[in-house]
Amino acid sequence: IHWKSSAKAARLMSKEFEREKKKRIIIHLNNVEPEKQPDNFQGEFERIIEDAASLASHFIKKGFSVGIKTIGEDVPCRTGAAHLYRILKTLAIVQPVKTSDKFQVASCKIQIL
């Protein structure tokens, strides 16, 4: 009940709050090693890892619930500094995975839920 509005209107008034939607982000890290590795693959792979880490840090600091998916790893969406360290640890040990699909390339993208 909003008492000031109720007093002015001479009847009970209530205040409604819209529930804030949970802000969730999933970072998809496609850690596929192409069949024919380009000369700069390792450097490019490191850049993709850095991008994923930067995205995770940015969105967790903004209050989002962040998760990460790689080929072989799935860290569920959570918030907070401890969770950020879990994501960073996962990214620090992620390795390229060989595949028979010659059209896949390592990449990083986000999914906002």
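1. Contact in this note means heavy atoms within 4.5 Å. The structure is a predicted model, in which local features need pLDDT of at least 70 and side-chain atom pairs count only at pLDDT 80 or more, while totals for chains, interfaces and linings use all residues. Residues are numbered from 1 along each chain as its sequence is written, and side-chain values use heavy atoms, with hydrogens and water left out.

2. Overall architecture. The chain comprises three helices and six strands, arranged from the N terminus as α-β-β-α-β-β-α-β-β. Helices (H or I, at least four residues) and strands (E, at least two) are DSSP runs, numbered from the N terminus. Among contacts between residues at least 6 apart in sequence, 67% join residues at least 24 apart.

3. Burial and surface. Of the 113 residues, 31% count as buried; buried means under 20% relative accessible area, exposed over 50%, and partly exposed in between, with a 1.4 Å probe and protein chains only. The chain exposes about 8400 Å², of which carbon and sulfur atoms supply 53%. These areas come from the Shrake-Rupley method with a 1.4 Å probe, and for residues only the protein chains shown count as cover.

4. Helix pair. The axes of α2 (residues 41–61) and α3 (residues 81–93) come within 10 Å and cross at roughly 175 degrees. This crossing makes α2 roughly antiparallel to α3. Axes are lines fitted to C-alpha atoms, for helices over the stretch in contact, and angles run from 0 to 180 degrees between N-to-C directions. Angles under 35 degrees count as roughly parallel, over 145 as roughly antiparallel, 65 to 115 as roughly perpendicular and the rest as oblique.

5. Contact of α2 with α3. From α2, Ile49, Ala52, Ala53, Ala56, Ser57 and Ile60 meet His83, Leu84, Ile87, Leu88 and Leu91 of α3. The residues of this contact divide into nine nonpolar, two polar and no charged. Here Ala, Val, Leu, Ile, Met, Phe, Trp, Tyr, Cys and Pro count as nonpolar, Asp, Glu, Lys and Arg as charged, and the others, Gly among them, as polar.

6. Nonpolar core. The largest nonpolar core has 20 residues, and those with the most contacts inside it are Ile27, Leu29, Val66, Ile87 and Leu91. At least two residues of this core come from each of β1 (24–30), α2, β3 (65–70) and α3; α2 gives the most, with nine residues. Such a core is a set of buried Ala, Val, Leu, Ile, Met, Phe, Trp, Tyr and Cys residues joined through side-chain atoms within 4.5 Å.

7. His83. This residue of helix α3 is buried, at a relative accessible area of 6%. Beyond its neighbours within four places in sequence, His83 is in contact with Ile60, Val66, Val75, Pro76, Cys77 and Arg78.

8. Asn31. Located in the loop between β1 and β2 (32–33), Asn31 counts as buried at 1% relative accessibility. Not counting residues up to four places away in sequence, Asn31 touches Phe45, Thr70, Ile71, Val94, Gln95, Pro96 and Val97.

9. Val97. This residue lies in strand β5 (residues 97–98) and counts as partly exposed at 30% relative accessibility. Leaving aside neighbours within four places in sequence, Val97 is in contact with Asn31, Val32, Glu33 and Ile71. Val97 and Ile71 are 26 residues apart in sequence and 7.5 Å apart in space, C-alpha to C-alpha.

10. Lys61. In helix α2, Lys61 is exposed, with a relative accessible area of 69%. Lys61 and Ala81 are 20 residues apart in sequence and 8.3 Å apart in space, C-alpha to C-alpha.
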